[in-house]
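Hello,

Here is the structure I promised to pass on to you. Have a look at it first, and then read my notes below.

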Amino acid sequence: MPVSNATAWGQLPDGRPLHRWTLRNASDAQIDITDLGSTLLSWQSPDRQGRRGDVLLGHATAQQYLDSNAYMGAIVGRWANRIRGGRFRLDGIDYKVDRNDGGNHLHGGQDGFHLQRWDVEADGESLVMRLVSPEGDGGFPGEVHVELRCRFDDDGTLDLQYEATSDAPTPLSLTAHPYFNLNDRRPDIRDHVIRIDADEFLAIDAGAIPVGRQHVAGTAFDFRDAAPIGSRLHWPDPQLRLVGGFDHCYIARGPTGSSLRTVAMVAEPSSGRRLTIETDRPGLQFYSGQKLTGQPSRDAEPYGPFAGFALETQAFPDQINSPESEGAILRPGVTWRQHTRYRVDTA
């Protein structure tokens, strides 16, 4: 279906205008996107009775997005997730990047991609979003050019294809950060049933930095067979206690690189809605939304804990400081690519 024309949607502090676009499909579903952070503002999708409802959490105004620390629906970068101490060494040079999460770097830092105005143009049935991240942005080396192509298919799939280049070696990991609640009539997501196709996850320390791989067998993290999110939150697992719920990266099964594979599926029993995620990335961060308390919603009442969950496809947290660091570096002359698909339908 054609992309709508841009409509006005607030402004940046320097007065530059912001806009929103609408993608529609033949199944009576609709997605709204803004140039602020390439943020997904809304996803209206029918339930099993055909009643449309919003399956994404969101704020009411552009200013609330600018003020928020929840990355609600945004594209985050240059680095999705955390870097220990905001430090890394690349080709013998030590770098310091923004520290905005208890002494660690998180999601691109103080003025990451989520707060930047992207250039946007409609291209047939797709939106193409572009951003130039200058040398030194957040402390990162190299000038990086990013392009994101967004398409909304008739089967309920939001298709996200990323490309990026750099004029100097630099760490790069981008992800979309939508918060889902597949039942817009309920205030939290603990009844959602989730399956994650992973045999291992990354155990973390108190700063949510990975300390090693751990097998999911026998732990609260074993979602190889689908299970309700809420019941697992009560397990006496020390990893859950560290962060008050799930905020961990799973090592998704299957090859990474050029081929898509299904890494997670979430179902909500009452509405009948179902979310399926496919990606070519090695990591899948599952965040159960326990720290959303007080975040402004589209309505008068702010969100509470577990109001939504996030499933973020990405490189591994702090990978740049691991033996696998080379897999997280974009070098000149190479085009970095990522492909992720979110599909919302009914069972």
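This is a predicted model: local features need pLDDT of at least 70, side-chain atom pairs count only at pLDDT 80 or more; totals for chains, interfaces and linings use all residues.

Together β22 and β23 form a hairpin with 5 residues between them. In the turn, Gly 272 has a positive phi of about 80°. On the other pairing of β22 (residues 261-267), 4 bridges join this strand to β17 (residues 193-196), and the two run antiparallel. There, Ile 196 has Ala 264 as its bridge partner in β22.

Now step back to the whole protein. How many helices and strands does the secondary structure come to? There are 3 helices and 27 strands. The radius of gyration is 19 Å, close to the 20 Å that the globule rule gives for 347 residues, so the protein is as compact as a globular protein of that length. Its C-alpha atoms fill a box of roughly 60 × 50 × 40 Å along the principal axes. Buried residues make up 57% of the 347 residues. If you take the contacts between residues at least 6 apart in sequence, 64% of them join residues at least 24 apart.

Which residues of β13 point to the buried face? They are Val 144, Val 146, Leu 148, Cys 150 and Phe 152.

Strand β12 (residues 126-133) pairs with β13 in the antiparallel sense over 8 bridges, and Ser 133 stands opposite Val 144. Strand β14 (residues 157-166) pairs with β13, again in the antiparallel sense, over 9 bridges, with Cys 150 opposite Leu 160. β13 and β14 make a hairpin with 4 residues between the strands, where Gly 156 takes a positive phi near 90°.

Next, the pockets. The largest pocket holds about 480 Å³ of space and is lined by 25 residues. Arg 82, Asp 101, Leu 106, Asp 247 and Lys 291 lie nearest its centre. The elements that give two or more residues to this lining are α3 (238-243) and β24 (283-287). The lining divides into 10 nonpolar, 10 polar and 5 charged residues.

The second largest pocket has about 370 Å³ of space. Among its 17 lining residues, Asp 184, Arg 186, Ser 297, Asp 299 and Tyr 303 lie nearest the centre. This lining is made up of 6 nonpolar, 4 polar and 7 charged residues.

Finally, here are some backbone details in the loops. The peptide bond from Gly 77 to Arg 78 is cis, with omega near 10°, and Arg 78 sits in the loop between β6 and β7. Ala 208, a residue other than glycine, has a positive phi near 65° and is found in the loop between β18 and β19. Asp 318 also has a positive phi, near 60°, and lies in the loop between β25 and β26. Are these two residues buried or exposed? Ala 208 counts as buried because its relative accessibility of 8% is under the 20% cut-off. Asp 318 is buried too, with a relative accessible area of 8%.

Happy exploring!

Notes. Residues are numbered from 1 along each chain as its sequence is written. Side-chain values use heavy atoms; hydrogens and water are left out. On a 1 Å grid over the protein atoms alone, a cavity is a set of points where a 1.4 Å probe fits but cannot get out, and a pocket is an open set with protein on both sides within 12 Å along at least five of seven lines; lining residues have an atom within 4 Å of a point. Grid points are joined across faces, edges and corners, and a volume is the space filled by probe spheres set on the points. Ala, Val, Leu, Ile, Met, Phe, Trp, Tyr, Cys and Pro count as nonpolar, Asp, Glu, Lys and Arg as charged, and the others, Gly among them, as polar. Two strands pair if DSSP finds at least two bridges between them. The radius of gyration is taken over C-alpha atoms; the globule rule is 2.2 Å times the number of residues to the power 0.38. Buried means under 20% relative accessible area, exposed over 50%, partly exposed in between (1.4 Å probe, protein chains only). Contact means heavy atoms within 4.5 Å.
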